[in-house]
Amino acid sequence: MSIQQLYTEAQQLSTAKLRDDIVQQLYERSHRLCSEGIKYTKSKRDTRTEKLDAIFTSPIFGFPIMLSMLGVLFYLTIAGANIPSSMLAEFFGSMEKYLTAFFTFIKAPDWVHGVLVLGLYRGTTWVISVMLPPMAIFFPTFALLENYGYLPRVAFNMDRLFKRVGAHGKQSLTMAMGFGCNAAAVISTRIIESPRERMLAILTNNFVPCNGRWGTLIVLASLFMAANFTGGLKSLVTTGVIVGIVMFGIIVTFFVSWVLSKTALKGIPTHYTLELPPYRKPKIFDTVVRSSLTRSWSVLMRAVKVAAPAAILTWVFANIFIGDTSILMYAVEFLDPFGKLLGLDGYIMMAFILGLPANEIVLPILLMGYLSTGSLTEVDSLVDLKQIFLDHGWTWLTALNMMLFSLLHYPCGTTLLNIYKETKSKKWTFLAFLIPTVIAILVPLIITQTVRFFGWL
Amino acid sequence: MGNSYRVALAGNPNTGKSTLFNALTGLRQHTGNWAGKTVSLAQGNVQYKDKMFNLIDLPGTYSLFSNSSDEEVARNYIVFEKPDVTVVVLDATSLERNFNLALQVLEMTKNVIICINLIDVAEQQGISINERILTNRLGVPVIKISARNKKGFPMLLDTIDRIVTGAIECQPVQTTYADEIEDKIKKIEPKVSELIGNQMSARWVSLRLLDGDEKLLNEINQRYGQKERAE
């Protein structure tokens, strides 16, 4: 007799309410155990949690509180990261002089200096000075909120919206994970029981910016969107723009979930219970140290590991000439007409394509492309940086389009790989690539054509 | 390697499993106060006396009925990978709900420790837990700890040690269901036992077959199917 036959036999014996009976009897036994083994000496209930929940999950205050939390989080990140960022950039800049002197001293050939210093060193140090300070602030702050128990309340608030678009309320949790890393968030969708709703969560996850894209968004927003402001107000405007971009990403998440749940992934959202755990005071020191050191470090190592080869590759492409045009320029000129249509240009398209392995390197590659030598100049301050962009015909529209493209475009290589591992389907992995790409093309296209049509620019 | 043992950590989400895991292994797995933080298996080692305990942090789940893939991951690990000891971590402040999972684990495997965490919070709330009564009713060791404050760890490690050396023998007390269900189990169980031998608890597999757990069926077919055909 095989197990299959046994199963059939068991099914004939079974009744529809067998599972309910089992669960009920398990709970009855739990109840008996508790009444025998546990004494409640004071009937003190956790009123603090209840009181806080009345505020955090209130129909009136819930959303405004959520938005302002998000705003505060980004403001701290943006305002706090400015100074350490420029300090790091200066430090690496001055180190470079010594490196170059060393290479001259040992009479190294020019190309060795080019690959190692202008390519590798500049590329990776740029990533470090732009990425490290925001991450060292964002991760611990987010982790504190998380450990305190605020995230389930976010899920609770968002639940109704997700239900309305036919998705699962837990998607707001996996979405929150996406702010850290989309690749990790795709794995976290395992908490969603129904395969249909899990697929929705996977396909829409990259519409929230991961930390690889924060750098790009923050730099562009502060250079172009908040250009006319100074001091604290500048950080505030930058924060406003970033919150707006994030909100737009969330709206796209809802929209795509809604369209998919009406077409390819038809169905009604399943019910689930969401536990609202008691608020617990996090171990502040542990949390801060753990998340800023360990988590930033691991993400950064990944960035550098991918940034280093990409920087070298870009330098090589920019310095190998066929005729009098470098390989890089051929690609750029080929992509340029398409890029222009979206209010971008060939360099930007090129950077996004080369940036497939990791979003962290898109901006460094773009800068390397813009400088004729194919390597980053010493960008000591953000003003220099802006000049480079302006020299290549950038306007606020270019910056906005690039931010939107970065927000909406295809997931990075690691995320796509994880999607394939989780769905085990080439078709869905391809869709996870295709849907964002189409949206990332359409949105800037519409914006650019509208702006041009009305002659706003 | 003869001194290395695998210890799985199971439990509801948000009971401090990952905190316990980090504190014991000295690893820095990220923890969070929400359901679904741990979705894949994290591993780390603890040295105790002359032994090495290899800790496996299973995904936190409310049940083990294979409703979702994280429940399946946890369930499959306990049933098919057969850890030497399974530690079920419970939240002392909501035991009534948490016991449900513990009772399910007791049906699946023999060497179980019930580890009641957040005992400091429970004491503040005036909850006093008599672990001896619970040990008696469940047939496996019940231990109170506070993972955040690293309290109760020596007791926990010592109990794991004594289970793997055989100094303590766990005799999990099975949940008795209504007569109607028990009769059905009696009909199926001998046949299951004949088929799978002592690879798994025949009672538990019978229950799952009655419950119509197709995912488990496929898993058994995949894992033991080839061998059957070869015989």
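Predicted model: local features only at pLDDT ≥ 70, side-chain atom pairs only at ≥ 80, totals over all residues.
Local features were taken at pLDDT of at least 70 and side-chain atom pairs at pLDDT 80 or more, whereas totals for chains, interfaces and linings use all residues. Residues are numbered from 1 along each chain as its sequence is written, with chains lettered from A and ligands numbered from 1 in the order in which they are written.

Helices (DSSP runs of H or I, at least four residues) and strands (runs of E, at least two) are numbered from the N terminus. Helix H2 (residues 18-37) of chain A and helix H5 (residues 131-138) of chain B have axes that come within 9 Å and cross at roughly 145°, where axes are lines fitted to C-alpha atoms, for helices over the stretch in contact, and angles run from 0 to 180 degrees between N-to-C directions. In this contact, Leu33(A), Glu36(A) and Gly37(A) of H2(A) meet Ile133(B), Leu134(B) and Arg137(B) of H5(B), contact being counted when C-beta atoms, placed from the backbone, lie within 7 Å.

In chain B, six strands make up an open sheet of mixed pairing, in the order E2-E3-E1-E4-E5-E7, two strands being paired if DSSP finds at least two bridges between them. Strands E2 (42-48) and E7 (142-144) of chain B form the edges, each pairing on one side only, and neighbouring strands are turned by 25° against each other on average, direction ignored. Within the sheet, strand E1 (residues 4-11) of chain B pairs with strand E4 (residues 85-91) of chain B in the parallel sense over five bridges, and Ala10(B) stands opposite Val88(B) in E4(B). Helix H3 (residues 95-108) of chain B packs on the sheet, touching E1, E4 and strand E5 (112-117) of chain B, and its direction makes about 165° with that of E4(B).

Conventions: Contact = placed C-beta atoms within 7 Å.
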